[in-house]
Amino acid sequence: YSSTSKLRIRTKFEADILLSWYDTTFQPSGLTVTWSFGSYASGCLLIPSMPETGLISVGRIEFKMPECDTAIKERLHLTIEDTDIYKDYPLWFYPENNDLADLKSDTCHDGVFLVSSYDNAVKHLSSGDKVIFFPEDNKNGIPGFYCTTFWNYPMFRDISVSMNKTVPVGTMGLSINRQHPALSDFACETYTTPQWYTLLSDCECAVLDNDIGVTEQPAIQMIDNFERCHRLGILYEKNIDGIPLLICTSHVFRHMERPEVRQFVRSLLKHRFLTK
């Protein structure tokens with residue numbers, strides 16, 4: 001690793017490789033599983049003798065995880081020699097951002113006011129301050145949820161009611177504008193991936209159906225089911241007297257021990273509208 005590399009080696013990554021095999025016409029025993037982590041680490045494992053079919057442990061891989069200066073995505077790639085069998089696992093890496101570990105709401109960080117009151121947000125905005133609004137209580141919102149409802153929300157809702165079970169939230173995953181400046185330092189896809197789990201599990205999606213101040217698609221929008229079909233915002237901008245106010249409905253300050261949450265907040269702090 002050169003001194004100019006964006007990756008530095010730190011914590012060990014370990015994973016047990018399991019092979020699920022139910023092809024009775026071919027035995028993979030004796031073949032090699034090769035693996036690679038980008039261009040940074042690679043190796044191979046010999047598939048041991050196995051029953052005719054079933055689940056078998058191939059072995060364990062390990063390598064040093066990279067420490068990064070910027071948010072990045074790499075892939076762990078597995079393949080079985082002389083076959084077309086392969087598997088890719090995306091791995092996401094974020095800087096530690098330890099300076100944000102104790103960040104709280106209703107404070108000022110690097111000249112940016114992080115407020116939980118709409119009135120305070122408007123007040124700071126009107127004064128020309130840099131501000132991000134994190135609503136503390138959105139009673140009219142819909143709870144964030146990582147997993148998607150299956151194909152028919154009304155059916156599963158009615159089944160839950162008939163069984164006296166909790167009715168599922170009924171949302172269908174994220175639609176993410178990766179090109180939005182507020183996400184420029186948060187590596188992600190245009191859809192729901194694991195780094196969103198904590199951010200979604202503790203948030204309320206704002207119902208923006210009749211909010212005339214929100215004229216553009218939210219940077220992070222929760223897709224609603226076809227029955228309600230609300231326009232749901234998690235990260236979006238609202239026009240206040242011609243000035244865009246950045247609003248985030250995830251309760252990030254409860255989870256600043258998580259590196260992906262700290263990186264998400266770091267990205268928000270670098271948003272273009274906060275730069276004078």
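I start with Arg157, a residue that is partly exposed, its relative accessible area being 23%. On this scale, buried is under 20%, exposed is over 50%, and partly exposed is in between, using a 1.4 Å probe and protein chains only.

A word on what you are looking at. This is a predicted model, where local features need pLDDT of at least 70 and side-chain atom pairs count only at pLDDT 80 or more, while totals for chains, interfaces and linings use all residues. Residues are numbered from 1 along each chain as its sequence is written, and side-chain values use heavy atoms, with hydrogens and water left out.

Now the salt bridges, meaning a side-chain nitrogen of Lys or Arg within 4 Å of a carboxyl oxygen of Asp or Glu. How many does the structure hold? There are 13 salt bridges.

Arg157 is in one of these pairs: its partner is Glu227, and the closest N and O atoms are 2.5 Å apart. This pair links distant parts of the chain, 70 residues apart, with Arg157 in helix H2 (residues 153-162) and Glu227 in the loop between strand S13 (220-224) and strand S14 (231-240). Here helices are DSSP runs of H or I with at least four residues, strands are runs of E with at least two, and both are numbered from the N terminus. Glu227 is also partly exposed, at 38% relative accessible area.

The next pair is Glu189 with Arg178, a salt bridge of 3.6 Å from N to O. Both residues sit in the loop between strand S11 (171-176) and helix H3 (197-201), so this bridge ties together parts that are 11 residues apart in sequence. Are the two partners buried or exposed? Glu189 counts as buried, with 11% relative accessibility, whereas Arg178 is partly exposed at 39%.

Asp16 belongs to strand S1 (residues 7-21) and Arg60 to strand S4 (residues 54-68), so the bridge ties together parts 44 residues apart in sequence. Arg60 is partly exposed, at 46% relative accessibility.

Back to helix H2. Which of its residues are buried? They are Tyr153, Pro154 and Ser160. These residues cover an arc of only 125° around the axis, which means that they are on the same side of H2. The arc is taken from the directions from the helix axis to the C-beta atoms. Just after H2 comes Asn164, which has a positive phi of about 60°.

Last, the interior. A nonpolar core is a set of buried Ala, Val, Leu, Ile, Met, Phe, Trp, Tyr and Cys residues joined through side-chain atoms within 4.5 Å. The largest one has 38 residues, and Trp196, Leu235, Val252, Phe264 and Leu268 have the most contacts inside it. At least two residues of this core come from each of strand S8 (112-115), S11, H3, S13, S14, strand S15 (243-248) and helix H4 (259-269). Which element gives the largest share? Helix H4 does, with 5 residues.
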